Amino acid sequence: MARETSPGLKILWVWTIGTAAILVTNVVRTRVRDMDQVMNSEKQEQQSTLDDSVLVDTSPETDEGIIKEVKT
């Protein structure tokens with residue numbers, strides 16, 4: 001025997017499943033956004049440490065031992 005459900009109950013189930021899908025989507029989107037912010041902050045920290053190491057002057061006091069290109 002086929003089980004008949006009322007249209008109101010069907011609408012209620014669609015509403016419930018739709019609401020759950022929206023909530024799950026919002027949670028996933030928030031977690032991905034947070035993870036992206038963490039990755040960007042780590043990337044910026046690495047970039048700043050690279051910039052600091054590039055700013056250090058390690059050139060010798062004299063030009064001895066340095067090969068220069070002479071354009072003629």
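Leucine 12 belongs to helix H1, which spans residues 7–55. The model described here is predicted. Its chain contains one helix and zero strands, and 0% of its 72 residues count as buried.

**Chain surface**
- The chain has an accessible surface of about 7500 Å².
- Carbon and sulfur atoms account for 61% of that accessible surface.

**Nonpolar patch**
- Leu12 takes part in a nonpolar surface patch, together with Leu9, Trp13 and Ile17.
- The area of this patch is about 440 Å².

**Threonine 25**
- Helix H1 also holds threonine 25.
- The relative accessible area of threonine 25 is 39%; because this value lies between the 20% limit for buried and the 50% limit for exposed residues, threonine 25 is classed as partly exposed.
- A polar atom of the threonine 25 side chain lies 2.7 Å from the backbone oxygen of alanine 21.

Key:
Residues are numbered from 1 along each chain as its sequence is written. This is a predicted model: local features need pLDDT of at least 70, side-chain atom pairs count only at pLDDT 80 or more; totals for chains, interfaces and linings use all residues. Side-chain values use heavy atoms; hydrogens and water are left out. Patches are made of residues with over 30% relative accessible area and no salt bridge: like charges are joined within 9 Å, nonpolar side chains (Val, Leu, Ile, Met, Phe, Trp, Tyr) within 5 Å. Accessible areas come from the Shrake-Rupley method with a 1.4 Å probe; for residues, only the protein chains shown count as cover. A salt bridge is a side-chain nitrogen of Lys or Arg within 4 Å of a carboxyl oxygen of Asp or Glu. Helices (H or I, at least four residues) and strands (E, at least two) are DSSP runs, numbered from the N terminus. Buried means under 20% relative accessible area, exposed over 50%, partly exposed in between (1.4 Å probe, protein chains only). A polar contact is a pair of N or O atoms within 3.5 Å; within protein, one must be able to donate a hydrogen and the other to accept it, and residues adjacent in sequence count only if both atoms are side-chain atoms.
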